[in-house]
Amino acid sequence: IRAAGDGPARVLGRIRLSGDHWTLQDLEIVAGDADGIQVTGSGNRLERLDLHGGSRDGIDGAGADNEVLGCHIHHFDGGDRDAHCIVLNPGASGWRIVGNEIHECSGDGIQLYADSGSTERTILDTTIEGNTIRWDGEIGRSENAVDVKNADGLRIVGNRFQGFVANKTVVVQK
């Protein structure tokens, strides 16, 4: 799914990718009061998206072998609650998050999630590479650039992190 003809296409509201092998490309997605994109299928590609304007997570991810490439993910503000730019859930595997600009989320830039108290390692073989993850202070709060609560086979390579003064830049816990 991509814009047809000249100029960008704007999607208002959330997108759910429960199927396999979809590509969303060159779209502006204004999330509203929902996760911007929920991915539960496998082999999907999110490419060159401008994803913003939500009060929940930008991308809520599961499934296998999904990619987020060259996207601009920003301004997800849950107020006092977390709104991560990207969150991967237990069981996600083979995700590639590469070459994105990620900023101004009231949670983490990227979180690899585990339930409270869990020491599971079920998010497998994820690559986070060549991204710029920052907080410029345009929204009231932020957490970490990357928060790893659950991972095995994780590669974090060649990223640029800026502005995370109130919390930590990269956290590996549990």
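**From values to conclusions**

Guide: Asp 147 is buried, since its relative accessible area is 3%. The model shown here is a predicted one.

Visitor: Why is Asp 147 called buried?

Guide: The word buried applies under 20% relative accessible area. Asp 147 has a value of 3%, so the residue counts as buried. Asp 147 is found in strand β17.

Visitor: Which residues does Asp 147 touch, apart from those up to four places away in sequence?

Guide: Asp 147 touches Asp 108, Ile 110, Gln 111, Leu 112, Val 171 and Gln 173. A contact requires heavy atoms within 4.5 Å. As for Pro 90, 57 residues apart from Asp 147 along the chain, the C-alpha atoms of the two are separated by 14 Å.

Visitor: What makes His 21 exposed rather than buried?

Guide: Exposed means over 50% relative accessible area. His 21 has 65%, and therefore it is classed as exposed. His 21 is placed in the loop between β2 and β3 (23-25). Its phi is near 65°, a positive value in a residue other than glycine.

Visitor: Is Glu 104 buried or exposed?

Guide: Glu 104 has 0% relative accessibility, and the limit for buried is under 20%, so Glu 104 counts as buried. This residue belongs to strand β13. Glu 104 also has a positive phi, about 60°, although it is not a glycine.

Visitor: How do you know that His 103 is buried?

Guide: The relative accessibility of His 103 is 5%, and a residue under 20% is buried, so the term applies to His 103. His 103 lies in strand β13. Leaving aside neighbours within four places in sequence, His 103 is in contact with His 72, Ile 73, His 74, His 75, Cys 85, Arg 134 and Asp 136.

Visitor: What is the secondary structure of the protein?

Guide: The secondary structure comes to 0 helices and 20 strands.

Visitor: Why is the protein called as compact as a globular protein of that length?

Guide: The radius of gyration is 15 Å, whereas the globule rule gives 16 Å for 174 residues. The two values are close, so the protein is as compact as a globular protein of that length. Along the principal axes, the C-alpha atoms fill a box of roughly 45 × 35 × 30 Å.

Visitor: How many residues are in the largest nonpolar core, and which of them touch the most other members?

Guide: This core has 37 residues, and Ile 37, Leu 46, Ile 59, Ile 73 and Ile 86 touch the most other members. Among the strands that each supply at least two residues of this core are β2 (15-17), β10 (72-76), β13 (101-105) and β17 (146-148). Strand β4 gives the most, with 3 residues. Not counting residues up to four places away in sequence, Ile 86 touches Ile 59, Val 68, Ile 73, Ile 97, Ile 102, Gly 109, Ile 110 and Gln 111.

Visitor: What can be said of burial and contacts in the protein as a whole?

Guide: Buried residues make up 51% of the 174 residues. Of the contacts with a separation of 6 or more, 57% are between residues 24 or more positions apart.

Visitor: How far apart are the mean positions of the positive and negative charges?

Guide: The mean positions of the 17 positive and 27 negative charges are 1 Å apart. The accessible surface of the protein comes to about 7,700 Å², of which 45% belongs to carbon and sulfur atoms.

Terms used:
Residues are numbered from 1 along each chain as its sequence is written. This is a predicted model: local features need pLDDT of at least 70, side-chain atom pairs count only at pLDDT 80 or more; totals for chains, interfaces and linings use all residues. Side-chain values use heavy atoms; hydrogens and water are left out. Helices (H or I, at least four residues) and strands (E, at least two) are DSSP runs, numbered from the N terminus. The radius of gyration is taken over C-alpha atoms; the globule rule is 2.2 Å times the number of residues to the power 0.38. Buried means under 20% relative accessible area, exposed over 50%, partly exposed in between (1.4 Å probe, protein chains only). Accessible areas come from the Shrake-Rupley method with a 1.4 Å probe; for residues, only the protein chains shown count as cover. Lys and Arg count as positive and Asp and Glu as negative; His and the chain ends are not counted. The place of a charge is taken as NZ of Lys, CZ of Arg, CG of Asp or CD of Glu. A nonpolar core is a set of buried Ala, Val, Leu, Ile, Met, Phe, Trp, Tyr and Cys residues joined through side-chain atoms within 4.5 Å.
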